Amino acid sequence: MSTYLIKHAHTLVTMDAERREIKDGGLFIRDNVIEQVGVTSDLPDTADEVLDLKRRHVVMPGMVNTHHHFYQTLTRVIPRAQDGELFEWLTTLYPIWANMRADHVYTSAKLCTAEMMLYGCTTASDHLYIFPNDSTLDDEIRGVQEIGMRFHASRGSMSVGESDGGLPPDSVVEPEDVILKDSQRLIEQYHDNSRHSMLRIVVAPCSPFSVSHDLMRESANLARAYDGVHLHTHLAETHPDLEYSMEKFGQTPGEYAESVGWIGHDCWHAHCVHLSLEEIALFGRSGTGVAHCPSSNMRLSSGIPKIKEMMAHDVSVGLGLDGSASNDHNNMRNEARMAMLLARVRDEMNPAAMTGRKALELATIGGAKVLGRDDVGSLAPGMSADFITFNVDRPSFAGALHDVVAAIVFCNSDPVDYSFINGKMVVDQGRLTTVDLMPLVEHHNKLSLGLVDGEV
Ligand SMILES: [Zn+2]
């Protein structure tokens, strides 16, 4: 057993039930769990290790990313995919992704996780739905485990190729029995449903336009045979997506999801830009979650989701980076900022449509709830020791010391100074402690250039 005392924060943002913000706050941690939270003078005087923040850092829960595609860091800003809408963008990129091998998946997962950590993410879900050549989900899990992120690994899939009326080329789809068998293997090999778990498996067919009804239903049956295995997919992202659903299934995306059993506390859907108010009410009643991905929705010109209406219907909403080829950054702090700004764009003449603090809620406890976790997203006794700090003696906080909490969202999205995941310091004064970054960047760039060579 070892203890860690974090003392003298400028402000400690708890995100607890009362949303307390504690001046001169601190945390007392035993192993990987927070034991006490409060004003520094109320905490134990010392511990095995002590970090004195000298009243110069704001401390908050680590951020939770609910939707991503780590492998796409290999294909950021491909010139032919910079200005297309979703379906054009996908059909440009599928043939490039089809050349990936195990090392591409492993290295991109590590690189992407490193960047996310530097910008405040401590728990992430990734949606990997393409397994060309010798690549498997195990490669991604290995990369993330080595770097130390808390992880929900989604076993994605595509089974309806072009020749069957789907969008992806036939070369990147898999037979449905293979998908289900591998999903089961991964659950049995890796899924840890215990409190403070560092790894859970999610069953995640890519989207209604790339898999069959049967696979959606069978995936739901498989996930529900295990405790805490959740379901995830893309839903109602764009207008063509909506049209495809009406043409192929004669149903809206929400109706389709309900018809295949993809509604409930154990399901969350990425985007949901084009849900009707009825569908939003259904999501609220059923506890179905939404991964809101504002940067990606703007980048692909997909539209603006009705987040205010979702919140009014008690829909669980978290944030998703949805990178890295349709957002191109891995910065959760920036994503919270985008969520706040986009809500204000949608709700013209109502700048209070989303406050800075609400955006931080979505990025922390909102995301935790979407992933089905009650052990991360806030700083309180019994919670996992996942937290980040920002030094306020930076140009980006200058003139903002009267509200350093709102400043996290309103001001520039700088990297963290410290990050702890599961009680372990993973960023120390802005430097990652679990990976040598520059050789990783170099190797990642070599793989990226090899992959897209001749394609750009
Ligand atoms: Zn996505």
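Residues are numbered from 1 along each chain as its sequence is written, and side-chain values use heavy atoms, with hydrogens and water left out. Because the model is predicted, local features need pLDDT of at least 70 and side-chain atom pairs count only at pLDDT 80 or more, while totals for chains, interfaces and linings use all residues.

The zinc ion is held by four named residues: His67, His69 and His234, each through NE2, and Asp322 through OD, at 2.1 to 2.3 Å. Donors here are N, O and S atoms within 2.8 Å of the metal (3.2 Å for Na, K and Ca), and sites may look incomplete because water is not among the atoms. Along the chain the donors follow the spacing H-x1-H-x164-H-x87-D. Histidine 67 stands in the loop between strand 8 (63-65) and helix 1 (86-97), and aspartate 322 in the loop between strand 15 (316-319) and helix 11 (332-346), so that this pair links parts of the chain 255 residues apart. Helices (H or I, at least four residues) and strands (E, at least two) are DSSP runs, numbered from the N terminus. Histidine 67 is buried at 1% relative accessibility, and aspartate 322 is buried at 3%. Buried means under 20% relative accessible area, exposed over 50%, and partly exposed in between (1.4 Å probe, protein chains only). The angles among the 4 donor atoms run from 89 to 173°, and the site is irregular.

Attention now turns to helix 3. Of the 11 residues in this helix (residues 137-147), 8 are buried, so the helix is largely enclosed by the rest of the structure. Among its buried residues are Leu137, Ile141, Val144 and Ile147. The buried residues pack against several elements, including helix 2 (102-118), strand 9 (121-128) and helix 4 (176-190). Glycine 148, with a positive phi near 95°, follows the helix.

A salt bridge is a side-chain nitrogen of Lys or Arg within 4 Å of a carboxyl oxygen of Asp or Glu, and the count comes to 25. In one of them, arginine 357 pairs with aspartate 403, the closest N and O atoms being 2.9 Å apart. Arginine 357 lies in helix 12 (residues 356-370) and aspartate 403 in the loop between strand 16 (387-391) and helix 13 (404-410), so the pair ties together parts 46 residues apart in sequence. Another salt bridge joins glutamate 361 and lysine 358 (3.1 Å, N to O). Both lie in helix 12, 3 residues apart, about one turn of the helix. Glutamate 361 is buried at 17%, whereas lysine 358 is partly exposed at 28%.

The last topic is the nonpolar interior. A nonpolar core is a set of buried Ala, Val, Leu, Ile, Met, Phe, Trp, Tyr and Cys residues joined through side-chain atoms within 4.5 Å. The largest has 118 residues, and Trp89, Leu90, Trp97, Ile130 and Phe390 have the most contacts inside it. A second, separate core of 20 residues includes Ile29, Ile34, Val59 and Phe387.

Terms used
Contact means heavy atoms within 4.5 Å. Four donors count as tetrahedral if all angles lie between 85 and 135 degrees; four count as square planar and six as octahedral if opposite donors are over 155 degrees apart and all others between 65 and 115; anything else is irregular.
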